Amino acid sequence: MKNMFDFDKLVDRAGSASVKFDLRQEIFGKKDVLPMWVADMDFETPQCIRDAVMKRASHPVYGYSFMTDAYFNAFIGWLKRRHQWEIDKEWIVFSPGIVTAINAAVLAFTEPGDGVIVQTPVYFPFSDAVKNNGRKLLNNQLLYLENSYKIDFDDLEDKAKEAKLLLLSSPHNPVSRCWSADELIRLGNICLKNGVVILSDEIHADLTLPGYKHVPLAKLSPELAEVTITCMAPSKTFNVAGLFTSQIVIKNEKLRKQFYNSMDTYHLIHGNIFGMIASEAGYTHGDKWLDALMQYVQGNFELVDDYLKNELPAFSLIKPEATFLAWIDYSKTGYSDKEMEKKLVEEASLGLNPGRIFGAGGSGFMRMNLGTPRSNVMEALNRIKKVFG
Ligand SMILES: Cc1ncc(COP(=O)(O)O)c(C=O)c1O
């Protein structure tokens, strides 16, 4: 049976004010690189979302709106269905984006000079949120072992003693780990022992590959629920990042009020009507599309893995468990980061994220966005082979 959803379809995104496509000249100095960098997907947003947005768009007035019960209930139902996590509506605080929420949390739960833990290589706005707000960056660098990553718990024990907040990426961008319940409990217990609040950025929660299951940290124990700020959003899940709509789940009333006040200072607690409508539709009707998406993304990962093993053995794919982002080790090529970046752009005409931007441990790696039709993935691999094969 042909797949109900056509992920092979090439959508022309150029000219749609797309960061990924329309800022290529500014970012890479070349406007025709094949763009496989910023983390949105090239697939059409699910039909159920487009229908709901079009229906609302056909109403001729776009005045002030509020976040409806239907929106909150759709999200609550999704968490229950997809993650077996039951939450109350009162626990949810709206945020336009997750990076906004991370910065608001840093301001809410720490003072200037306080220690905040990140685990590099990690999505770079984590470290920026610490440094830009004048907090002390404590890096609990991940351990790179046998083609995958682990948490350095001994180092975490040390760092937690001088930290107020930990910024966790779960599942982890860019190393693609879907942290296990055991790992999360161990991390959580270290934080509990040291009075460290945990911001668990679970924006990639829905994007686990077949065989992996995301566990919301706050679900793991009543104690962890009291110290965890969980960040979730439909933006990656349904490819609606441009609609800026996210949900921050905080059970602890005191922490929630602190966070809410931090957001409210800049009037950030109000959403836009299309983001709300899209979220409600996706969280209500998007299950089948998402399951099919992750099957397709798995196929893209398999293609990359096979191709690198057979044609480009100096490059290797880190074992993928979640996200649509491939983390590739090129250290065996012998090229420096600068040389690799130059060759990729100028000779291969590819726009990827250099690993070094994700902080310590990122040098010698690149991040390739596989949220794109397979023909693009194949084209990218062929271009790499032409230059490095
Ligand atoms: C771990 C992580 N957090 C947050 C974001 C961005 O979130 P937002 O666009 O809602 O600020 C991304 C996007 O790539 C991400 O990978």
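This is a predicted model: local features need pLDDT of at least 70, side-chain atom pairs count only at pLDDT 80 or more; totals for chains, interfaces and linings use all residues.

User: Is serine 336 buried, exposed or partly exposed?
Analyst: Serine 336 counts as partly exposed, because its relative accessibility is 34% and that class lies between the 20% limit for buried and the 50% limit for exposed.

User: How far is serine 336 from serine 363?
Analyst: Their C-alpha atoms are separated by 8.5 Å, while the two residues are 27 residues apart along the chain.

User: Now asparagine 353. Where is that one?
Analyst: Asparagine 353 belongs to strand E14. With a relative accessible area of 8%, asparagine 353 is buried, because buried means under 20%.

User: And which residues does asparagine 353 contact, leaving aside its neighbours within four places in sequence?
Analyst: Those residues are Trp37, Val38, Phe358, Met366 and Arg367.

User: What sheet does E14 sit in?
Analyst: E14 is part of an open sheet of 4 strands, in the order E11-E12-E15-E14, with antiparallel pairing. The edge strands, each pairing on one side only, are E11 (316-317) and E14 (353-354).

User: How many bridges join E11 and E12?
Analyst: E11 pairs with strand E12 (residues 325-329) over 2 bridges, in the antiparallel sense. Serine 316 stands opposite aspartate 329 in E12. In general, strands of a sheet pair through backbone hydrogen bonds.

User: Changing topic: which residues touch the most other members of the largest nonpolar core?
Analyst: Leu293 and Phe315 do, in a core of 68 residues. Helix H13 (residues 287-311) gives the most to this core, namely 11 residues.

User: What does leucine 293 contact beyond its neighbours within four places in sequence?
Analyst: Leucine 293 is in contact with Phe7, Met41, Phe43, Leu207 and Thr237.

User: Last one: at what angle do H3 and H12 cross?
Analyst: The axes of helix H3 (residues 47-57) and helix H12 (residues 273-285) cross at roughly 145° and come within 8 Å. The crossing is right-handed.

User: Which residues meet there?
Analyst: From H3, they include Cys48, Ile49 and Arg56, and from H12, they include Phe274, Ile277 and His285. The residues of this contact divide into 10 nonpolar, 2 polar and 1 charged.

Technical notes:
Residues are numbered from 1 along each chain as its sequence is written. Side-chain values use heavy atoms; hydrogens and water are left out. Axes are lines fitted to C-alpha atoms, for helices over the stretch in contact, and angles run from 0 to 180 degrees between N-to-C directions. A crossing is left-handed if the near helix is turned anticlockwise from the far one by less than a right angle, and right-handed if clockwise. Contact means heavy atoms within 4.5 Å. Ala, Val, Leu, Ile, Met, Phe, Trp, Tyr, Cys and Pro count as nonpolar, Asp, Glu, Lys and Arg as charged, and the others, Gly among them, as polar. Two strands pair if DSSP finds at least two bridges between them. A nonpolar core is a set of buried Ala, Val, Leu, Ile, Met, Phe, Trp, Tyr and Cys residues joined through side-chain atoms within 4.5 Å. Buried means under 20% relative accessible area, exposed over 50%, partly exposed in between (1.4 Å probe, protein chains only).
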